[in-house]
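Q: Hi! Could you walk me through this one with me asking as we go? I'd like to begin with charged pairs, then move on to other links and a sheet.

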Amino acid sequence: MHYFTNRRGRLTTIMKSLNSSSSVMLPRILVFASLILPFFVCMALAEVHYYDFIVKEVNFTRLCQNKLMLVVNESYPGPAIRARKGDTIYVNVYNQGFYGFTIHWHGVKQPRNPWFDGPEYVTQCPIAPGTNFTYQVQLSKEEGTVWWHAHSDWTRASVHGAIVVLPALGTAFPFPEPDEEEIIVFGSWYLGNLRERVEESLQPGSTETLPQSDAYTINGQPGDFLPCSINATWRRKVDHGKTYLLRLVNANIDAEFFFAIAEHNLTVVGLDGAYTKPINARYIVVTPGQTMDVLLYANSTPGLYYMAGRQYLSTTSDTGFDHMNATAILQYNGNYTTTDAPLFPEHLPMYMSQAEAFNFTNQIRSLASPEHPVNVPKESEITTRMFITASMNSLYCAPDLGPTCVNISFATSVNNISWVNPTTDSILQAYYRNISNPIYETDFPDQAPTYFNFTDGGTTMSTVLTVQGTKVKVLDYNETVEIVFQGTNVMGGAVNHPMHLHGHSFYVLGFGFGPFDPVKDPKGYNLVDPPYVATFVTPKNGWLTIRFVADNPGVWFWHCHVERHMTWGMEAAFIIKDGGTAETSMLPPPAQMPSCDVPLDSAIRNYEALIEKQME
C-alpha cells in the first residue's frame, strides 16, 4: 500500500512577505528572491510517501519443491518504492513472522538520522514478532536506483526490493528520456528453510558449511534451464524502436553477477543512486549490494531473446557454487512468427572470467557534469588514513576470552578483528546514552596489526588466528577519511570483497592487484571523475582506495556484502561525532524504538514454540 501528501506552504509565506515590502526595497528583494526561489521551489514540491510492509511467511514453489518463505506483501522480490530526489518516505513494517528482523535502506544516506538505517544491533534491535515499526527514509543526494533489504542474518535472501529515485520536479535525466522503465532484481534461491540451514551450520561442532544457493533468479524466477521453471520464466515485452531504462538490483546473497541480453548492447548510465558517464557494453558485472541503471535500445530483429545472468566467481576453484544460469525472456511485440527457442547471449562471460569482469569495472566513471558535479576530497584535506586488511581466518579460544567463546574453523576479519554483534542493546542507542561498555569498544585500529606479503597465502599463527570484538572507529564531524582495503590470501581464502558503507557514498580513487604500494599506486588515482558509490569491490589479492567526508553524524555500519563473510565477521562501524550545531548534530531518537528484548530470535526455536502454542 502506498500513498503520499505534498509539503507546501513555505513558498507562499515567502511570496507574501515579498508583497508586503516597501517599493524602495523591492528591487533588492527581487534579486534576493531570484537567488533563493529555486531552493524553496524544490522544498515546496518535495513529497511525503507512505508504504505498508506486511512481512509474513508465504508458500512458494520453485525447482519442483514447496516452501514457506518470509516476504513482504506476499511478493518475491518485494514491492518497489517510488519517490523523487529529496522526498521523504515512511514505511510501516508489520512483523507477522516468527522471528525478529530489521530493514536497511541500502544507498540512502539518511542525513543525521541513523535511527532508521536498520542494521540489527548496530542502530536498532529487531522488530519483534507481532509488532510493527515505522521507518523514516529521507532521500537527499540519491538519484537513480537504490534498494531496501532485511539486515538480520540471511533474511535479506527473500526480504528485499528496489527503490526508484526519480529526478526532482523541474529537473530531468542527464540522458534522453526513456520510453519506459523496468526493475530487474537478481536473487538467490535456496531449497528448504534457509534460516534453519544457516543456524545449523553455525552450531558448535557442525560439519555443515554455510548454504550455497540452489538457483539464481531474475525477478523471482529461475528461468528456462531449471527444473519445473520453464512455464514461469519472467518475460518483458518491448516495442521495436523504443528505449527502456532497466533498473538492476543485485540482491544475491553471495554472488557477483554477469548479465547480458542476446543480440543487444547495454548502456550503463548510473550506479548506486548516482549517474555515470555512459558505458556501452555487451555485458555488465554487478556485485552483491550494487544497483545499476542501464539503457536498452530495442533495435534488434523482432523475436525472442534471453536475458541471462551467470555468477562471476573470484575463487581459484570452479566447484562448490551454483553453476546454473538464470534467464528471463525479452519478447518483441508485433506480427512475426518464430518456432525457435530464444537466442542466448553468446558474449556472456564464463564463471571465472576475471579479465572480463575488471575490463568492465575499469570503465566506471562519475558523470561529473555541471548539473551532477563531483567533489573529490583533496590529499591535503585528509585527516584520517586507514589501511584495512580483509582476511579469512580461524578463531580459537584462549582462557581469557571467557566461557562464551567458541572455536570456529572459519572466520573472517578486518584488521584481524572478527566482528560480533551486541545482543542486549544497539550500538547507536548505547552511544546516544553515552554508555559504551560492555556494548562496544572504541579502539578499532587504523592499521593492520602486522604487515606481511598479503597475497602469498600466509599461514603463520599471527595471520591465521583472529580475535572477536565489537570495535568501532570514532571520527570527528567533517573529517576527510581515506581507506585502503587490502585483500589477503590468508588460509588460501583470497576472493573479491564488495565493501559497503552505510550513511555515505564514497569516491573510488583506484584499485589494483597485489599488495598496495603506497609510493607507486597513488600516482594512478583518478581524482577527476572517480565512481561515487555506496558499494565497490576490493579485488581478489588486491586493493581498493576510497575517500569520503564524514559529514553524517551517528553510527554507521560498514561491511563486506557477501553474506557468508558478514556471518563470519568481516565488518565494523564508524561513530561520527556531532558537529557542534543543531544542523550538524544527530537527530534525537523516535518516540518508540523496537525493544531489545526479542525472545524469539531463532528460526528453530520459533518453529518449535509455534508448534507448542498450536498444541495448547
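Q: Which side chain does E181 meet in a salt bridge?
A: That would be R82, with N to O at 2.8 Å. Keep in mind that this is a predicted model.

Q: Where do E181 and R82 sit in the chain?
A: E181 is in strand β10 (residues 180–189), while R82 belongs to strand β4 (residues 81–84). The two are 99 residues apart, and the pair links distant parts of the chain.

Q: And how accessible is E181? What about R82?
A: E181 is partly exposed, at 23% relative accessibility. R82 is partly exposed too, with a relative accessible area of 34%.

Q: How many salt bridges are there by this rule?
A: The count comes to 26. E142 and K109 form one of them, with their closest N and O atoms 3.9 Å apart. E142 lies in the loop between β7 and β8 (144–150), and K109 in the loop between β6 and β7, so this pair ties together parts that are 33 residues apart in sequence.

Q: Is E142 buried or exposed? And K109, buried or exposed?
A: E142 is buried, at a relative accessible area of 0%. K109 also counts as buried, at 8% relative accessibility.

Q: OK, what does R195 pair with?
A: R195 makes a salt bridge with E199, at 3.8 Å from N to O. Both residues are in helix α3 (residues 194–201), four residues apart, so about one helical turn separates them. R195 counts as buried at 12% relative accessibility, and E199 is buried with a relative accessible area of 16%.

Q: Which residues do salt bridges with shared partners join into one network?
A: The network is made of E180, E182, R236, D239 and K242.

Q: Switching topic: how many disulfides does a search of the whole structure find?
A: Two. C64 and C228 form one of them, with the sulfur atoms 1.8 Å apart. The angle about the S-S bond is 95 degrees, and the link is right-handed. C64 sits in the loop between β2 (47–62) and β3 (65–72), and C228 in the loop between β11 and β12 (235–238), so the bond ties together parts that are 164 residues apart in sequence.

Q: How accessible is C64, and how accessible is C228?
A: C64 is partly exposed at 44% relative accessibility, whereas C228 counts as exposed at 59%.

Q: Then what is C125 joined to?
A: A disulfide joins C125 to C596, with S to S at 2.0 Å. Its torsion about the S-S bond is about 80 degrees, so this disulfide is right-handed. C125 is in the loop between β6 (103–106) and β7 (132–138), and C596 is in the loop between β33 (571–576) and α8 (603–615), so the pair ties together parts that are 471 residues apart in sequence. C125 is buried at 0% relative accessible area, but C596 is partly exposed at 21%.

Q: Now the six-stranded open sheet: what's the strand order?
A: The order is β11-β10-β13-β18-β15-β16, and the pairing is mixed. β11 (215–218) and β16 (274–281) are the edge strands, each pairing on one side only. From one strand to the next, the twist averages 20 degrees.

Q: How many bridges join β13 to β18?
A: Seven, and strands β13 (residues 243–250) and β18 (residues 291–297) run antiparallel. As one example, T243 has Y297 in β18 as its bridge partner.

Key:
Residues numbered from 1 in each chain as written. Predicted model: local features only at pLDDT ≥ 70, side-chain atom pairs only at ≥ 80, totals over all residues. Heavy atoms only, no water. Pairing = 2+ DSSP bridges. Axes fitted to C-alpha atoms, helices over the stretch in contact; angles between N-to-C directions. Disulfide = S-S within 2.5 Å. Buried < 20%, exposed > 50% of the residue type's maximum accessible area, 1.4 Å probe, protein only. Salt bridge = Lys/Arg side-chain N within 4 Å of Asp/Glu carboxyl O.
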